[in-house]
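Biologist: I have a structure open on my screen and I'd like to learn how to read it. Could you walk me through it, one feature at a time?

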Amino acid sequence: MSNVEKAKKNKKKGGGAKDAEPEEKPEKEVTADKKKKKGAEKDVKEEKDSGKGKGPGKKALAAMQEALRKMREEEEKAQREEEERIRAIEEAEKARQEQLRVEQERKEKKKQKEKERKERLKAEGKYLTPKQKADRARALALVEALKAQGLVIGEKKPKSAHKKSDPHYNSHDKNTDAQAAQSEVEVKIVDVKKEESEEKEDEIKDSWDMISSEEEEEEEAADKAEKAKAETSELEKKMDGVKVKSDSESEDESGSDDSGSEDDDSDDSEGDKNENRLQKIKQRIQKRREKAEKKRSLDVLRAPIVCVLGHVDTGKTKILDKLRRTNVQDGEAGGITQQIGATNVPIDAIKEQGKIVKGFSQMELRVPGLLIIDTPGHESFSNLRNRGSSLCDIAILVVDIMHGLEPQTIESINLLKNKKTPFVVALNKIDRLYDWNSTPKKDIRETIKAQAPNTIVEFERRTKEVILQFAEQGLNAALFYENPDTRSYVSLVPTSAITGEGMGNILALIVEICQNMLAKRLMFSEELQATVLEVKAISGLGTTIDAILVNGYLREGDTMVLAGTEGPIVTQIRSLLMPQPLKELRVKNAYIDHKEVKAAQGVKIAAKELEKAIAGLNLYVAQQPDEVEVLTKEVSHELKSALSHIKVHDRGVYVQASTLGSLEALLEFLRSSKIPYCSFRIGPVVKKDVMKASTMLEHESRYATILAFDVKVERDAQELADAVGVKIFQADIIYHLFDKFTAYTEELKQKKRDEFKSIAVFPCKLRVLPQFIFNSRDPIVMGVMIEAGIVKEGTPICVPSKEFVELGIVTGIESNHKPVESARKGQEVCIKIEPIPGEAPKMFGRHFDEKDMLVSKISRQSIDACKDYFRDDLVKTDWQLMVELKKMFEIL
């Protein structure tokens with residue numbers, strides 16, 4: 001074998017070796033890869049194991065961070081967008097404000113410019129108001145019409161520069177023009193050449209008149225207006241005989257007509273003018289009052305107004321009945337006065353009654369009579385007593401000699417003290433003294449002397465008791481015939497309204513006090529002073545008012561201003577009605593119609609729009625039309641204070657009464673009784689009232705009622721009320737009405753109580769008496785001591801210490817072997833607890849024992865039911881226990 005071949009063989013062998021190496025290498029790599037994989041798996045396992053103990057892996061963390069970053073970016077983006085939007089809104093608002101400001105400035109400048117122009121024209125006398133422009137147009141139209149009829153009217157020569165500057169020349173020129181026009185109308189012949197020359201002169205203009213502007217137009221218009229007015233005034237005088245209004249009148253008219261078109265400055269001037277006008281009217285009224293005050297004289301006295309006050313059932317109305325010889329008291333509902341009444345007692349009647357009194361016949365009588373006001377005596381009518389006492393010059397305080405001073409008597413004394421009104425006391429009901437002998441037609445002093453000694457002793461004892469009670473009220477009192485000083489001592493006059501004893505004495509005493517002590521106060525004044533006593537609906541007359549005319553005159557056709565619930569009422573007096581002498585104003589009589597009434601009188605006024613009049617406020621009469629505005633303001637001021645008293649509620653009863661006085665009394669009574677009222681009206685109950693009251697049915701059914709006090713209920717209204725479910729309570733006595741309503745509410749309340757009896761749970765805490773376990777299971781019968789609260793039949797019992805396990809319901813309670821409905825704190829009673837149906841009976845000794853305290857299981861529903869319908873049954877300690885249990889049961 002050659003060397004070449006050996007070399008080739010060796011090459012092949014080397015290549016084979018080389019080729020064999022790569023085959024071996026993959027095996028090593030495979031083993032290495034396996035090891036790596038095992039290590040990686042081990043790492044993953046370790047990571048998993050560590051992840052289980054420590055938290056999320058790196059990938060999860062990265063994903064979470066990415067999500068948070070994206071969320072943050074979105075929030076920032078949303079915030080940027082919101083800021084952009086807010087900035088855009090603010091910029092738009094700024095732009096709008098700027099635009100408004102610019103617009104406002106432009107308007108102000110325009111307004112100022114217009115104002116300056118008007119001021120300049122006004123100063124030059126060239127400014128024309130719309131009224132004057134209309135006058136000018138009318139005048140020009142009249143001139144044209146006259147020209148069309150063939151009348152030749154002389155043209156006015158235009159003003160030249162020197163004419164304008166010389167007012168004397170100007171006025172002279174006007175006069176000559178007017179005369180020329182007049183002569184032309186009369187003669188109706190004009191020189192043609194003269195007319196042509198005038199027309200030529202008209203065409204010539206001065207240099208000042210060559211400007212074409214707004215001012216020039218205004219001035220031309222003013223010139224034309226002057227010319228036209230001059231011509232028409234002359235023509236109208238000649239042809240139609242129509243009077244031309246003076247410049248001052250036209251100015252006034254223009255001021256009132258174009259008040260809307262005038263600018264702020266003219267409004268201010270108008271306001272000043274109006275203020276000045278009102279001031280002048282006030283001064284005129286004041287001067288009239290001062291003049292009337294000066295005219296007053298001691299020779300001319302008005303009738304004194306006497307108010308009768310006192311407690312209910314002391315005999316106030318009966319005394320007046322005796323004075324009047326009438327029988328008003330028997331005609332009243334329940335014999336109770338519930339309205340103010342006024343009676344005019346003429347001087348002849350006083351003379352007749354007083355002739356039995358010693359020395360009365362020698363007395364010179366200067367008063368024309370007495371006006372006596374009768375007031376109610378109940379506590380509810382304090383508003384009417386207050387109204388009556390504020391009117392009177394002197395009062396009669398009626399005191400029952402058998403009872404002395406009573407609550408409303410003391411209230412009346414305080415009213416009189418506050419108003420510093422002098423009064424005399426009628427010691428009434430002396431005929432009820434034991435063994436009293438009546439002698440009506442004698443002086444009371446003689447009558448007392450003629451009594452038996454024991455009667456005189458009783459009379460003196462009771463009189464001294466009354467004097468002592470007056471002393472307790474801070475007043476000196478003495479019998480009128482023993483009075484040391486009438487100014488510092490109150491006079492007591494013994495009277496009997498039944499027999500008529502002492503009536504003459506009390507009238508004589510009042511007349512004497514009025515003429516001697518009150519003469520200055522009683523001087524007649526022509527200035528009107530009147531007060532509305534009552535608002536009353538009367539069939540045939542509509543709504544009328546009873547007024548007391550204290551001073552002055554009232555005439556038919558007068559414009560009167562008085563207060564109403566919706567503002568001052570301005571109306572014309574249709575008729576002045578007065579009862580016959582010695583008749584009550586409030587009792588329906590044959591009234592006498594008067595054209596004029598002089599003070600002091602009780603008068604019934606019939607007029608329109610009196611439905612909403614308010615009693616107790618002053619009545620005014622406007623003697624001239626322009627005084628109405630001043631008087632309405634005066635009345636409005638009085639009205640504000642009066643209206644603040646009548647306040648209605650959203651939910652409440654509907655109230656109706658015959659007069660405002662009795663309505664006020666009823667509302668006051670309801671307020672004190674805590675009964676809300678939603679609306680009220682004066683007059684009979686009609687369908688409209690039932691509809692209004694029915695609105696309460698959907699809110700609170702117990703208030704869907706009408707309290708009708710001393711009014712009729714129309715038949716159709718009653719039928720509608722029955723149909724819709726509205727209750728109407730009708731009564732003539734205020735207390736009966738209240739009793740009916742309270743009985744109705746109690747009935748409704750009882751129904752609700754019966755309805756919620758099973759829901760309401762009273763709070764109680766019971767301690768088991770272990771020696772009195774009569775039955776330990778189904779039912780549990782045992783003795784308990786009531787630690788707190790009240791236990792009743794139907795009360796569910798549970799044990800708080802044993803996870804509030806429910807024992808059952810109390811179905812029976814016995815005390816001293818007698819069944820009772822309920823038991824209170826401190827009592828030891830035997831109770832029977834029956835298990836709740838469907839539940840396993842509980843047992844004493846297993847579910848609870850003598851150490852556990854038992855309580856009633858309350859809930860939110862039971863607490864609400866107790867609050868709404870059983871509030872009066874629970875005392876303060878019961879409510880404290882309720883709060884404790886509420887916390888225990890974790891009730892919200």
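Modeller: Let's start with accessibility: a residue is buried under 20% relative accessible area, exposed over 50% and partly exposed in between (1.4 Å probe, protein chains only). This is a predicted model, so local features need pLDDT of at least 70 and side-chain atom pairs pLDDT 80 or more, while totals for chains, interfaces and linings use all residues. Residues are numbered from 1 along each chain as its sequence is written, and side-chain values use heavy atoms, without hydrogens or water.

Biologist: Is L707 buried or exposed, then?

Modeller: L707 has 2% relative accessibility, so it counts as buried. Across the protein, 41% of the 892 residues count as buried.

Biologist: Which element holds L707?

Modeller: Elements are DSSP runs numbered from the N terminus: helices are H or I with at least four residues, strands E with at least two. L707 is found in strand β19, and the protein has 24 helices and 28 strands.

Biologist: Which residues is L707 in contact with, leaving aside neighbours within four places in sequence?

Modeller: Contact means heavy atoms within 4.5 Å. For L707 the list includes V653, Y654, V655 and Q656, and also F729, L737 and F741. Another pairing of positions to look at is L707 and K740: 33 residues apart in sequence, but 9.3 Å apart in space, C-alpha to C-alpha. For the protein as a whole, take the contacts with a separation of 6 or more: 72% of them come from residues 24 or more positions apart.

Biologist: What is the strand order in the open sheet of four strands?

Modeller: Two strands pair if DSSP finds at least two bridges between them. Here the order is β18-β17-β19-β20, with parallel pairing. β18 (677-682) and β20 (727-731) are at the edges with a single partner strand each, so one side of each has no neighbour in the sheet. From one strand to the next, the twist averages 15 degrees. For those angles, axes are lines fitted to C-alpha atoms (for helices over the stretch in contact), and values run from 0 to 180 degrees between N-to-C directions.

Biologist: What packs on that sheet?

Modeller: Helix α22 (residues 734-756) does, touching β17, β19 (705-709) and β20, and its direction makes about 150 degrees with that of β20. Within the sheet, β17 (residues 653-657) and β18 pair over five bridges in the parallel sense, with V653 opposite Y677 in β18.

Biologist: How do I read a pair of aromatic rings?

Modeller: You describe it by the distance of the centres and the angle of the planes. Rings of Phe, Tyr and Trp (its six-membered ring) pair if their centres lie within 6.5 Å; planes under 30 degrees apart are stacked, over 60 edge-to-face, and the rest tilted. The whole structure has 10 aromatic pairs. In one of them, F524 and Y553 are edge-to-face, 5.6 Å centre to centre with 80 degrees between the planes. F524 is in the loop between α17 (503-516) and β8 (529-538) and Y553 is in strand β10 (residues 553-555), so this pair ties together parts 29 residues apart in sequence. F524 is buried at 10% relative accessibility, whereas Y553 is partly exposed at 22%.

Biologist: What sits over the ring of F524?

Modeller: The charged end of K598, 4.7 Å from the ring centre. The test is that NZ of Lys or CZ of Arg lies within 6 Å of the ring centre and within 35 degrees of the ring normal.

Biologist: And which residues form one aromatic cluster?

Modeller: F729, F741 and Y744. F741 is buried, with a relative accessible area of 3%, and F729 is buried too, at 9%. The ring centres of F729 and F741 are 6.3 Å apart and the planes stand at 80 degrees, so that pair is edge-to-face. The pair joins strand β20, which holds F729, to helix α22, which holds F741, 12 residues apart.

Biologist: Which residues are buried in helix α23 (residues 860-869)?

Modeller: S862, I863, A865, C866 and Y869. They span an arc of only 165 degrees around the axis, which puts them on the same side of α23; the arc is taken from the directions from the helix axis to the C-beta atoms. Exposed Q861 and D868 are on the face turned away from that buried side. The cover over the buried residues of α23 includes α22 and α24 (876-888).

Biologist: In what sense do β21 (residues 764-775) and β22 (residues 780-792) pair?

Modeller: Antiparallel, over seven bridges, and L766 has I786 in β22 as its bridge partner. Their hairpin has four residues between the strands, and D778 there takes a positive phi near 45 degrees. β21 also pairs with strand β28 (residues 853-856), antiparallel over three bridges.
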